[in-house]
Amino acid sequence: MAKISFHHSDGNVDVLDVDPGTSIMRAAVTNGVAGIVGECGGQAMCATCHVYVRPEYLDGLPEIGDDEEEMLDCTTEERDGERSRLGCQLKAGEAFDNIEVDLPASQI
Amino acid sequence: MTSEERIVIVGNGQAGIQLIDSLRREGFAGPVTVIGEEEHFPYQRPPLSKDYMSADKAASPLPLRAEKFFAENDVDSRLGVQVTSIDRSGHTVSLSDGSTLGYSKLVLATGAANRELTVPGAEASGIYGLRTLADAEAVQAQLEAAGTIVVIGAGFIGLEFAAAARKRGLAVTVLEYADRPMARALSPVTSAWFAEAHRGLGVDLRLGEGIASFATDDGGRVTAAVSTTGRAYPADLVLVGIGVIPRTELAEAAGLPVANGILVDSAMRTEDPDIFALGDCANYPSHHAETRTRLESVQNATDQARHTAKSILGRHGDAEHYRELPWFWSNQGDLRLQIAGIVQPGDETVLRGDPASGKFSVFCYRKGRLAAVESVNQPSDHMAARRLLAQERSLPPEQAADLAFDFKAYSKAAAAAA
Ligand SMILES: Cc1cc2nc3c(=O)[nH]c(=O)nc-3n(C[C@H](O)[C@H](O)[C@H](O)COP(=O)(O)OP(=O)(O)OC[C@H]3O[C@@H](n4cnc5c(N)ncnc54)[C@H](O)[C@@H]3O)c2cc1C
Ligand code: FES
């Protein structure tokens, strides 16, 4: 089991325990974490799964791929040069075992 | 609309579910009922022909929204129930469970159904379509034991499935009646590149060869697909991907105009001011295609849902006309196709990049203006094209072809100036 903490802009936190292989997007959509839409089903095509990874968890994340790079340029809330990632591209067990992310105020 | 008035949505797919979300976001607090004939909780279709077909045992369907979304948004969701008829004058719909439901506004988000083959042997077991989670579960369950697969139709879904099956090491033949894959939606250049790429992955792609019949064993299970050339291709499993037919039956029976989809205006309203239609089932006047069209894509379903919510609630102001730029993607194994705009036959094409490199874009010009861009493994061009085309801006063909020209910066400047 891996752990994901979603910090909402109003200060609320959702904490989920997820199986290895589960992306941040899938975890959020399956469990109804508000603020993540996942409209393209995790294909790095819609940028509605944008998250800001908290700095202490940035080490160890996989590099940003070509698709992700372009989508991050089109997020609704402004991209953060360090912390912005697509939730569909970060999977438990591969990218993290424990991670905390801040959610943008809007995805669309 | 007052909060006493019920909105009834037929179909809980990509369009219907987004519509609920958008109605609530727009502040509609009144009753909403959504009716879906499938037993499954609403889920996303695109992964079904891709990730879901992988050998990964953990593959599971991705919901459109979590279960609690329906409770939190006070939505009356009925699963496994079909709407069987519409009484327009009485403002009611009849359901398969025998009940009747009144509506103030009715929305048809009924999607599409797979076109079925009628050739001899088509009713054999082992032959599948791929539209629903039930279809995908049935196919996935057979893949483990299958060795040889025949796919009928080299469209998006057929080729996505073919690539996924190749990844699992299965032998795959694709029969396509036309002389090139995805002919309906792609320029000849990109289509030809995909034909070669799939062959490179080991797919036996047979162009200009349709399906004539299926051979079966004594138990009525398919053993081979016989093509129009008379050649028999052995098959443990056949996947049919020959396109879809819009689900217009309810609208038609209710006397609403239908022609390749339920006819709607640019606000997604049918001829009846209290009935709307959107997504795969709707035929709308497309601003970008400059003609009526019916699209089958996630973008189309979700953007039309956001628009329809505003139409229902009268929130458009002076932006009644739906004019979102269509875009689409199809991931075929590791081959990434992205399309911005709508490619039409006869478009003049300009190549950016070298197809031999595996990364390129095709710029499609119509009447001298940029109308669509196809990108292969080139997400930067795709996003730049989306930005530019959404502003209805063009780009001289010489610049499109010039790799030294910074297309991304150009599109960003165009978007910023808008
Ligand atoms: C395998 C597959 C892969 C795809 N891949 C992509 C892709 O990569 N990219 C992309 O952009 N698009 C893709 N699509 C297309 C995309 O999924 C559709 O365009 C989208 O789902 C359309 O949404 P919709 O709500 O209009 O229709 P649907 O999602 O089909 O939903 C309609 C629902 O209404 C129900 N219904 C119909 N009639 C009734 C009735 N009378 N009573 C009750 N319920 C009813 C149906 O059972 C269905 O569940 C794919 C589709 C499939 C099948
Ligand atoms: S879910 Fe669409 S980009 Fe992540």
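Biologist: How do the residues of the shell around ligand 1 divide into nonpolar, polar and charged?
Modeller: This is a predicted model. Tyr and Trp count as nonpolar here, and Gly as polar. On that basis the shell around ligand 1 divides into 14 nonpolar, 11 polar and nine charged residues.

Biologist: Which residues come nearest to ligand 1?
Modeller: There are 34 residues around ligand 1. Those that come nearest are B:Glu37, B:Glu38, B:Lys50, B:Arg131 and B:Asp280.

Biologist: Which domains of chain B does the shell around ligand 1 draw at least three residues from?
Modeller: Among the elements of chain B that each supply at least two shell residues are α1 (14-25), α4 (156-167) and β22 (327-332). By domain, at least three residues come from each of domain 1 (7-38 + 45-113 + 245-313) and domain 2 (116-242).

Biologist: How much of ligand 1 does the protein bury?
Modeller: Oxygen atoms of ligand 1 lie 2.8 Å from a polar backbone atom of B:Ala15, 2.9 Å from a backbone N or O atom of B:Ser297 and 3.2 Å from one of B:Trp329. Taken alone, ligand 1 exposes 1,000 Å², and the share of this that the protein buries is 97%.

Biologist: Which three residues supply 31% of the area that chain A buries against chain B?
Modeller: The contact takes 21 residues from chain A and 32 residues from chain B. Between them the chains bury about 2,200 Å², with 49% of it on carbon and sulfur atoms. On the chain A side, the three residues that supply more than any other three are A:Glu39, A:Gln43 and A:Met45.

Definitions and conventions
Residues are numbered from 1 along each chain as its sequence is written. Chains are lettered from A and ligands numbered from 1 in the order in which they are written. This is a predicted model: local features need pLDDT of at least 70, side-chain atom pairs count only at pLDDT 80 or more; totals for chains, interfaces and linings use all residues. Side-chain values use heavy atoms; hydrogens and water are left out. A residue is near a molecule or strand if one of its heavy atoms lies within 4 Å of it. A polar contact is a pair of N or O atoms within 3.5 Å; within protein, one must be able to donate a hydrogen and the other to accept it, and residues adjacent in sequence count only if both atoms are side-chain atoms. Accessible areas come from the Shrake-Rupley method with a 1.4 Å probe; for residues, only the protein chains shown count as cover. Helices (H or I, at least four residues) and strands (E, at least two) are DSSP runs, numbered from the N terminus. Domain bounds come from an automatic or database domain assignment. Contact means heavy atoms within 4.5 Å. Buried area is the accessible area (1.4 Å probe) that two parts lose on being put together, summed over both.
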